[in-house]
Amino acid sequence: MPSAAEMSGSGASSRGLMETPRAAAPNLPRRTFLKTLAAATIACRWQGTGALASADPPTFLTRGIVLVVDDLRTLDWPERVHRAGLTTIGTHIFPHQVAAFLATDRGQSFLDDCRRFGVAVEHELHAMSDPLPRSLFDRHPVMFPMNERGDRVRDFNLCVHSEAALETVCANAVKYAGMLRPTTGRYFYWIDDGQPMCRCPKCRELSDSEQALVLENRVLAALREDDPRATLAHLAYAGTLRPPKAVKPSPGIFLEFAPISRRYDVPFAQRDARPGSGPSHGELLDLLDANLEVFGREGAQALEYWLDVSRFSSWRRENVTRLPWNEEVLKADLAAYAERGIRHITSFGAWIDGDYVRRFGEPPIAEYAGAMAETLR
């Protein structure tokens with residue numbers, strides 16, 4: 001996930017479904033009638049989000065796309081998501097940026113359209129520089145992380161052994177939650193993008209994953225005072241790919257796994273595939289499995305890059321070309337996640353905006369949604 005500079009994009013009614021097998025009953029064997037009735041009853045239980053109302057629904061509960069605010073300004077995303085059969089739009093990148101957009105007429109129209117089309121809204125955010133303002137550094141440097149040289153630095157993240165830093169982040173996370181309320185109860189306040197955590201004498205005993213989880217446990221407790229249904233993501237990505245050991249997640253912390261370094265020309269399940277740098281697919285999958293052992297499968301989400309124009313453009317606008325698309329890889333990847341019990345799937349779609357559609361035509365949103373609908377059918 002890039003820095004700010006790099007980024008600065010009707011079926012039948014339930015009445016009809018229930019009446020059809022009843023009308024056909026006199027001409028059907030009893031077993032066939034009961035099977036038809038059961039299928040119709042299941043069809044009636046579909047909710048507006050596209051998820052079955054059952055304890056173990058045979059579908060992906062979240063079928064989402066994550067977009068930057070410029071994308072939302074220039075395309076009718078709620079209608080596109082609804083038409084394709086996706087459930088969720090996640091906004092990105094920073095809390096202050098998304099809050100400013102939603103305060104505009106265009107932002108309010110976006111929210112109104114999401115309500116009208118039954119599209120869930122979440123906010124997937126690199127958050128730390130907003131809830132811990134960098135302006136505090138001059139007066140309170142101990143709130144900020146120490147680097148390997150022993151210097152406190154203002155540029156990213158925080159020291160999780162600073163009670164003042166934790167209290168400040170929690171208070172401001174609640175403030176932003178009032179402006180950026182997800183319709184699902186799922187919150188995403190990530191640490192700064194790809195940046196290390198603190199290396200002070202106390203923090204250095206904890207891994208970056210463990211430091212992130214210390215923070216997340218505190219933020220979740222604060223959010224639940226304001227929103228009792230709140231859950232909060234632990235992002236396993238870059239420096240937090242390795243699961244925490246010394247710190248345990250509070251109930252309500254769920255795993256979000258983002259394998260940004262993987263290859264997309266071959267399936268994720270091809271274990272010997274290795275990108276130019278970073279872990280092999282097999283090593284990444286082992287890290288996913290290890291994280292699932294810590295955080296559990298309930299609520300676990302894969303945050304992928306199949307639709308991420310910004311990633312395939314190396315986060316440079318001058319490099320934007322048509323999105324590479326390999327539906328067979330997508331289907332294999334979805335199967336790999338499904339067999340692990342992951343029922344929440346989303347992909348970055350950054351820079352799929354009005355300019356992209358004018359230049360290259362419609363992106364493969366319907367194909368993406370269709371593959372998810374087929375995987376667990």
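Tutor: Tyr356 and Phe360 are both buried, where buried means under 20% relative accessible area, exposed over 50%, and partly exposed in between, with a 1.4 Å probe and protein chains only. This is a predicted model, in which local features need pLDDT of at least 70 and side-chain atom pairs count only at pLDDT 80 or more, whereas totals for chains, interfaces and linings use all residues. Residues are numbered from 1 along each chain as its sequence is written, and side-chain values use heavy atoms, with hydrogens and water left out.

Student: How many helices and strands does the protein have, and what percentage of its residues count as buried?

Tutor: The protein has 14 helices and eight strands, which are DSSP runs numbered from the N terminus (helices are H or I with at least four residues, strands are E with at least two). Of its 377 residues, 52% count as buried.

Student: Which residues have the most contacts inside the largest nonpolar core?

Tutor: In soluble globular proteins, nonpolar side chains tend to be buried together. Here the largest nonpolar core has 111 residues, and those with the most contacts inside it are Trp77, Ile89, Leu158, Tyr189 and Ile345; such a core is a set of buried Ala, Val, Leu, Ile, Met, Phe, Trp, Tyr and Cys residues joined through side-chain atoms within 4.5 Å. If we leave out residues up to four places away in sequence, the residues that Ile89 touches include Ile65, Leu67, Trp77, Phe110 and Val121, a contact being heavy atoms within 4.5 Å.

Student: How many aromatic pairs does the structure hold?

Tutor: A pair of aromatic rings is described by the distance of the centres and the angle of the planes. The structure holds nine aromatic pairs, and in one of them Phe101 and Phe110 are tilted, at 6.2 Å centre to centre with 50° between the planes. Rings of Phe, Tyr and Trp (its six-membered ring) pair if their centres lie within 6.5 Å, and planes under 30 degrees apart count as stacked, over 60 as edge-to-face and the rest as tilted. Phe101 counts as buried because its relative accessibility is 1%, and Phe110 counts as buried for its own value of 1%. Tyr356 and Phe360 also form a tilted pair, 5.0 Å centre to centre with 50° between the planes. These two are separated by about one helical turn because they are four residues apart in helix α13 (residues 354-360).

Student: Which residues of α10 are buried, and what covers them?

Tutor: Helix α10, residues 281-295, has buried residues that include His281, Leu284, Leu288, Asn291 and Phe295. Among the elements covering the buried residues of α10 are α9 (208-226), β5 (231-236), β6 (253-257) and α12 (327-339). Just after α10, Gly296 takes a positive phi of about 80°.

Student: Where are Trp315 and Trp351 found?

Tutor: Most residues other than glycine have a negative phi, and most peptide bonds are trans. Trp315, in the loop between α11 (309-312) and α12, has a positive phi of about 60° although it is not a glycine. Trp351 is found in the loop between β8 (344-348) and α13, and its phi, near 80°, is also positive. Trp315 is partly exposed because its relative accessible area is 21%, whereas Trp351 counts as buried because its relative accessibility is 1%.
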